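Here is the note you asked for on this protein model. Please keep the sequence and the 3D view open while reading.

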Amino acid sequence: ELLERIGDFEYSIPVPPGQYEVRLYFAEGWFGTGENGGSAGTRVFDVLLNHEPVLRAFDMLRQAPPRQLIARFFKHVAPNRYGKIHLTFAARANYASLRAIEVLPER
């Protein structure tokens, strides 16, 4: 079973100065499976990276069937003035859901 975080939540990831690639991984594990129903529009949320929207009205079941991994990559991300990469996940319909985050230095 895949682990996930659900809700409205934020991360502030400390990093050294430089440029980074931020990789976010999603998979709908509740809606659209078994008796839980659900379809496009059931779970919709926004993702902000350093307070700028990078995914607006992100709808996992519109992107892929339940339990299928969805990856979104964001390149050339610099830390804020506090040396952190800030991520915000804000619900529009039901809660936001996230499986994993990777932050990789760019070369």
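Predicted model: local features only at pLDDT ≥ 70, side-chain atom pairs only at ≥ 80, totals over all residues.

The points below go from the whole chain to single residues.

1. Residues are numbered from 1 along the chain as its sequence is written, so the numbers used here can be found directly in the view.

2. Secondary structure. The protein has one helix and nine strands. Their order along the sequence is β-β-β-β-β-α-β-β-β-β. The helix, α1, covers 60-63.

3. Overall dimensions. For 107 residues, a compact globule would have a radius of gyration near 13 Å, and the value for this protein, 14 Å, agrees with that. Taken along the principal axes, the C-alpha atoms fill a box of roughly 45 × 25 × 20 Å.

4. Contacts along the chain. Consider the contacts between residues at least 6 apart in sequence. Of these, 77% join residues at least 24 apart.

5. Surface and charge. The accessible surface comes to about 6300 Å², and carbon and sulfur atoms account for 51% of that surface. Buried residues make up 37% of the 107 residues. There are 13 positive and 12 negative side chains, and the centres of the two sets lie 5 Å apart.

6. The largest nonpolar core. Which residues of this core touch the most other members? They are L24, F26, F45 and F89, in a core of 21 residues. The elements giving two or more residues to the core are β3 (20-26), β4 (44-49), β5 (52-59), β6 (70-77), β7 (84-93) and β8 (96-98). The most comes from β3, which gives four residues.

7. L24 sits in strand β3. Is L24 buried or exposed? L24 has a relative accessible area of 0%, and because buried means under 20%, L24 counts as buried. Beyond its neighbours within four places in sequence, L24 is in contact with V47, I70, A71, R72, F74, L87, F89, L98, A100 and I101.

8. R43, a buried residue in a loop. R43 is found in the loop between β3 and β4. R43 has a relative accessible area of 6% and is therefore buried. Not counting residues up to four places away in sequence, R43 touches I6, E28, W30, F31, F58, D59, M60, A93, N94, Y95, A96 and S97. One of these is D59; R43 and D59 are 16 residues apart in sequence and 6.0 Å apart in space, C-alpha to C-alpha.

9. W30, in a loop and partly exposed. W30 is found in the loop between β3 and β4. W30 is partly exposed, with a relative accessible area of 47%. W30 is among the residues that R43 touches. From W30 to N80, the C-alpha distance is 34 Å, and the two are 50 residues apart in sequence.

10. Q63, in the helix. Q63 belongs to helix α1. Its relative accessible area is 41%, so Q63 is partly exposed. Leaving aside neighbours within four places in sequence, Q63 is in contact with F58, I70 and R72. The C-alpha atoms of Q63 and A27 are separated by 9.6 Å, and these residues are 36 apart along the chain.

11. Two backbone angles to check. Most residues other than glycine have a negative phi. What is the phi of H51? H51 has a positive phi of about 70°, although it is not a glycine. H51 lies in the loop between β4 and β5. With a relative accessible area of 52%, H51 is exposed, because the cut-off for exposed is over 50%.

12. The second angle. R67 is also not a glycine, and its phi is a positive value near 70°. R67 lies in the loop between α1 and β6. The relative accessible area of R67 is 46%, so R67 is partly exposed.

Note on methods: Heavy atoms only, no water. Core = buried A, V, L, I, M, F, W, Y, C linked by side-chain atoms within 4.5 Å. Buried < 20%, exposed > 50% of the residue type's maximum accessible area, 1.4 Å probe, protein only. Rg over C-alpha atoms; globule rule 2.2 N^0.38 Å. Contact = heavy atoms within 4.5 Å. Areas by Shrake-Rupley, 256 points an atom, 1.4 Å probe, with all protein chains shown as cover. Lys, Arg positive; Asp, Glu negative; His and termini not counted. Charge placed at Lys NZ, Arg CZ, Asp CG, Glu CD.
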